[in-house]
Amino acid sequence: MNQHAILAVNAGSSSIKFALYPVHHTLVDAADISGVVEGLEPGGAASISLAIRGEKQVFPLFGDAKDEKQKFALALNSLRLLLEQHSQEMTVVAVAHRIVHGGERYAQSVVIDANTMTYLQSLNSLAPLHQPHNLEGVFAFQKAYPDLPQIACFDTGFHANLPLNERTVALPLALRETGIRRYGFHGLSYRYVAGRLAQRSENSQQRVIMAHLGNGASACAMLNGQSIATTMGFSALDGLMMGTRCGALDPGILLHLLQAGWDAKRIEKTLYKESGLLGVSGVSADMRTLRQSNDPQAQAAIDMFVYRVTRESGALAACLNGVDVLAFTGGIGEHDAQLRADVVAGLAYLGFKIDLEKNLAAHGDQIAAIHASDSQQEIWVIPTDEGRIAAMDAAAILAAAGQAM
């Protein structure tokens, strides 16, 4: 009998990240097969990178797309065929989708139906870089795997029970009753990190700050395993400076731009796609590129990113009334040792002290404790796996519905 597996996907504007997770009832193993479909943007050369137990291969799409709309469907069909070829001992039983925004309706993962899709589409403007593409991915996978349940797993879910003062915005009640509140994001990542911390640290239920630092960046304060404060709010724009997003911004700037004649589309493009590391540096949104650049504005962007992470971590520490554990995750958090050292140096007043050798040796390939032996607090690097959390939720839903796993 073939091993059952859940396909976890994260569909973006030009790529689809995926991983195939073996599942036993509700127990989900680490993915043996993972990868990314890239080059789905207009004019892009689409290909599929497949990693099987660490061995990477790149495949072209099977066939030629006549137009850009066909490219997505062709990519999905090519992915399905590749997975069938390379996972002959596994049978996919569900597709679990990372969906950025669940709004007020969805805190828990759900099987997707037409009503679910209609509601989730109404949230597109709250996360325009992610939500529309996540949902396009759902439609595409429904066609590629028409007989499988499609399950939505929400980044906002981890923050669903934020305290009243944290989730409420200081706007009139009539506006707040329309669903305007602080939601928080990166919840699947934070759930994974919290779970790994619980296995490694005796202080995991104490005062914890988790920093998910990548092209999208946020930080979260956790107490007793629950999110109590986070830097992202109503949308995925708030809080930390990011790759191309501005982070927290005086709303008076937006009023100024509107009065100067800017329309909503121009403002949206600037805030989401032209700001952050890219906007400040004028060089790149990629921290690795900035590290290699001699342009003084590249260094200015790095310094600003570090400052904002340090500043917001201090604010979260105040929400927690102190802090016992700091955990780095995300592409930058897992791989940029210098950034981790700089952030920890800025938080030394809280009792953090890094072990420089352990920090340099932590490359994001495995969980690593990087605090010095005489540090008052713990510091961890924890590679995230949002897909595994999505797969776990999907497995639990299938088991609850009585589907044998």
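This note sets out numbered points on a predicted model.

1. Basis. The model is predicted, and local features need pLDDT of at least 70, side-chain atom pairs count only at pLDDT 80 or more, and totals for chains, interfaces and linings use all residues. Residues are numbered from 1 along each chain as its sequence is written, and side-chain values use heavy atoms, with hydrogens and water left out.

2. Strand E1. Helices (H or I, at least four residues) and strands (E, at least two) are DSSP runs, numbered from the N terminus. Strand E1 covers residues 3-11, and eight of its nine residues are buried, so the strand is largely enclosed by the rest of the structure. Here buried means under 20% relative accessible area, exposed over 50%, and partly exposed in between (1.4 Å probe, protein chains only).

3. Partners of E1. Two strands are said to pair if DSSP finds at least two bridges between them. E1 pairs with strand E7 (residues 90-99) in the parallel sense over seven bridges, and with strand E2 (residues 16-24) in the antiparallel sense over seven bridges. Ala-8 has a bridge partner in each of these strands: Ala-96 in E7 and Ala-19 in E2. E1 and E2 form a hairpin, with four residues between them.

4. The six-stranded sheet. An open sheet of mixed pairing is formed by six strands in the order E12-E11-E10-E13-E15-E14. Its edge strands are E12 and strand E14 (368-369), each of which pairs on one side only. E11 and E12 run antiparallel and are joined by four bridges; Met-222 stands opposite Ser-227 in E12.

5. Two asparagines with positive phi. Most residues other than glycine have a negative phi. Asn-224, although not a glycine, has a positive phi of about 55 degrees. Asn-224 lies in the loop between strand E11 (217-223) and strand E12 (226-230), and counts as exposed because its relative accessibility is 51%. Asn-321 likewise has a positive phi of about 60 degrees and is not a glycine. The loop that holds Asn-321 is between helix H11 (296-320) and strand E13 (325-329); at 65% relative accessibility, Asn-321 counts as exposed.

6. Nonpolar cores. A nonpolar core is a set of buried Ala, Val, Leu, Ile, Met, Phe, Trp, Tyr and Cys residues joined through side-chain atoms within 4.5 Å. The largest such core has 44 residues, of which Leu-213, Phe-305, Leu-326, Phe-328, Leu-339, Phe-352 and Ile-379 touch the most other members. Elements giving two or more residues to this core include strand E10 (207-213), helix H10 (287-292), helix H13 (337-346) and strand E15 (378-381). H11 gives the most, with nine residues. A second, separate core has 30 residues, including Ile-33, Phe-59, Ala-75 and Leu-82.

7. Surroundings of Phe-352. Contact means heavy atoms within 4.5 Å. Not counting residues up to four places away in sequence, Phe-352 touches Val-323, Val-325, Leu-326, Val-344, Leu-347, Ser-375, Gln-377, Glu-378 and Ile-379.
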